[in-house]
Amino acid sequence: MKIVFMGTPDFAVPSLEALCEKHEVVCVYCQAPKEAGRGQKIIKSPIQLFAESRGIEVRTPKSLRNTEEQEKFKSLNADISVVAAYGLILPKAVIEAFPKGCLNVHGSLLPRWRGAAPIQRAIEAGDDKTGITIMQVVEALDAGAMYKKGEIVIDANTTGGSLHDDMAKLGAKLIAEVLDDMENIEPQVQDESLVTYASKIDKSEAKIDFNMSAEILERKIRAFNPYPACYFEYEGERFKVLRAKCSDENGVAGQILSGEGLKIVCGKGALEILEIQRQGKKAMPTADLLRGFEFKPVIIK
């Protein structure tokens, strides 16, 4: 099939690569390059870099809502469009531009976790599994009929980063399978009574509130690793927490406990910090940091 692919970050690269193996990707749409760093260097997205390495035309419109862009989109005369973490809202004219419609590689087992941050929210909520759903794109958010699902187990070691990578690989496998057998698949309508929403992550959520239980915070730490990364502030300095485990100690929430290691009391139980990143430094096992740094037994607000 002739395909228009729409995606931007690392998550989308395996899917585009899989489609290039069996189909003709006539054009790739992604978000425009951004300025970053002290020198405001222009940084292209992972999808743009991959597409250019394969000689595929890349388009980076800021919006697809104007008629001119929609006509350019239709003029590609593709059979289908495939979306994976594109980042722009698709108007009806784009969704319905091609004979076989538009499919999305979504990072959850729909209808659970529609929305912007399904990977992190599944871990944070304590779900024991999640996965990928290949679905039709419709105007309503992540509400289209489902072509295929694949499950991934969430365990005590799962982080936002590790789950992202597993999801990207599974998404590539499933979208390739769906396109190979699309004519024989009967899409399933989502059960609206089971819908949950994965709201976009606000950076303010990353600051650890030690009034919460240790169990909830431990999940949040894994969910937000590597981004945006949970943190606490101590003596005016920010410390990112990348790995922790629950402990039974109780006391005043935010209290740093004396003794070996770094334990901080929570609303229920305590957190033992296992991996930490001091401001401006590299991440390291907490034991390594404590060889040359001491946390006083104060209460963190």
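Is arginine 59 buried or exposed? Arginine 59 counts as buried because its relative accessibility is 15%, where buried means under 20% relative accessible area, exposed over 50% and partly exposed in between (1.4 Å probe, protein chains only).

Before the tour continues, note that this is a predicted model, in which local features need pLDDT of at least 70, side-chain atom pairs count only at pLDDT 80 or more, and totals for chains, interfaces and linings use all residues. Residues are numbered from 1 along each chain as its sequence is written, and side-chain values use heavy atoms, with hydrogens and water left out.

**Stop 1: arginine 59**

Select arginine 59, which lies in strand E5; helices (H or I, at least four residues) and strands (E, at least two) are DSSP runs numbered from the N terminus. Its side chain makes a polar contact with the side chain of tyrosine 29 at 2.9 Å. Such a contact is a pair of N or O atoms within 3.5 Å; within protein, one must be able to donate a hydrogen and the other to accept it, and residues adjacent in sequence count only if both atoms are side-chain atoms. Leaving aside residues up to four places away in sequence, arginine 59 touches Cys27, Val28, Tyr29, Cys30, Lys72, Phe73 and Leu76, contact being heavy atoms within 4.5 Å.

**Stop 2: the seven-stranded sheet**

Next, display the open sheet of 7 strands, whose order is E5-E2-E1-E6-E7-E9-E10 with mixed pairing. Its edge strands, E5 (58-59) and E10 (146-153), each pair on one side only. Two strands pair if DSSP finds at least two bridges between them. Strand E1 (residues 2-7) runs parallel to strand E2 (residues 24-29) over 5 bridges, and methionine 6 has tyrosine 29 as its bridge partner in E2.

**Stop 3: H1 against H6**

Select helix H1 (residues 13-22) together with H6: their axes come within 8 Å and cross at roughly 35 degrees. Pro14, Ser15, Ala18, Leu19 and Lys22 in H1 meet Ala168, Gly171, Ala172, Ile175, Ala176, Leu179 and Asp180 in H6.

**Stop 4: helix H7**

Move to helix H7 (residues 214-223), which is largely enclosed by the rest of the structure because 8 of its 10 residues are buried. These are Ala214, Leu217, Glu218, Arg219, Lys220, Ile221, Arg222 and Ala223. They pack against H5 (118-124), H6, E12 (230-234), E13 and E16.

**Stop 5: strand E16 and its partners**

Finish at E16 (residues 270-278), which pairs with E13 (residues 237-247) in the antiparallel sense over 8 bridges. Phenylalanine 239 has arginine 278 as its bridge partner in E16.

E15 (residues 263-265) is also antiparallel to E16, joined by 3 bridges, and valine 265 stands opposite alanine 270. The two form a hairpin with 4 residues between them, where glycine 269 in the turn has a positive phi of about 75 degrees.

E17 (residues 283-285) likewise runs antiparallel to E16 over 3 bridges, with alanine 283 as the bridge partner of glutamine 277. In the hairpin of E16 and E17, 4 residues lie between the strands, and glycine 280 in the turn has a positive phi of about 80 degrees.

Methods. Axes are lines fitted to C-alpha atoms, for helices over the stretch in contact, and angles run from 0 to 180 degrees between N-to-C directions.
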